[in-house]
Amino acid sequence: ELGHRPEMHRFKEIYFDALEPNEPMIELMRDLRRREYRMALLTNNVREWEPLWRSMLPVDEIFELIVDSAFVGMRKPESEIYERTVERIGAVEASECVFVDDTEVNCDAARELGMTAVHFRDNEQAIAEIEETLSR
């Protein structure tokens, strides 16, 4: 269709150069961790990109568990990856979890498992919804 073979060289570099950490959300996650909420990161990712995204975020400071699709052989919104995350964090039920994602279908899958889901659209909306959910 393009009339030529697409070239993907430097795609990874161009993609990551355009990303910036979401500082308000990072600060919220740090604050939640200080308030002793248990934190897990469930991500759909590419195995070869792990060093890049990890270097951009304080992942190990905030999250006690990382479930990365590139390493577990399943992806959001497959229910098994949510179940695996709840199982691996341990001592919690899905109904005790708040899941945040910028893709509605991923939030729908979390809700089907019994989690409360916040569909991230912008910082103001998501932070308010997360705080309100946790206050209940």
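The paragraphs below go through this structure from the whole chain down to single residues.

The model is predicted, so local features are described at pLDDT of at least 70 and side-chain atom pairs at pLDDT 80 or more, while totals for chains, interfaces and linings use all residues. Residues are numbered from 1 along each chain as its sequence is written, and side-chain values use heavy atoms, with hydrogens and water left out.

The chain has eight helices and four strands. Helices (H or I, at least four residues) and strands (E, at least two) are DSSP runs, numbered from the N terminus. Read from the N terminus, the order of elements is α-α-β-α-α-β-α-α-β-α-β-α. Along the principal axes, the C-alpha atoms fill a box of roughly 55 × 30 × 25 Å.

Of the 136 residues in the chain, 35% are buried. Buried means under 20% relative accessible area, exposed means over 50%, and partly exposed is in between, with a 1.4 Å probe and protein chains only. The chain exposes about 8900 Å², and carbon and sulfur atoms supply 49% of that area; the areas come from the Shrake-Rupley method with a 1.4 Å probe, and for residues only the protein chains shown count as cover. A contact means heavy atoms within 4.5 Å. Among contacts between residues at least 6 apart in sequence, 53% join residues at least 24 apart.

Next comes a pair of strands. Strand β3 (residues 98-101) and strand β4 (residues 116-119) pair in the parallel sense over four bridges; two strands pair if DSSP finds at least two bridges between them. Val100 has Val118 in β4 as its bridge partner. Between β3 and β4 the chain passes through helix α7 (residues 104-113), and this β-α-β crossover is right-handed. That term applies if, with the strands pointing away from the viewer, the path from the first strand over the helix to the second runs clockwise.

Helix α7 also holds Asn106. Asn106 counts as buried because its relative accessibility is 6%. Leaving aside residues up to four places away in sequence, Asn106 touches Lys76, Pro77, Tyr82, Phe99 and Asp101.

Asp17 lies in helix α1 (residues 11-17). With a relative accessible area of 63%, Asp17 is exposed. Asp17 and Lys76 are 59 residues apart in sequence, and their C-alpha atoms are 25 Å apart in space.
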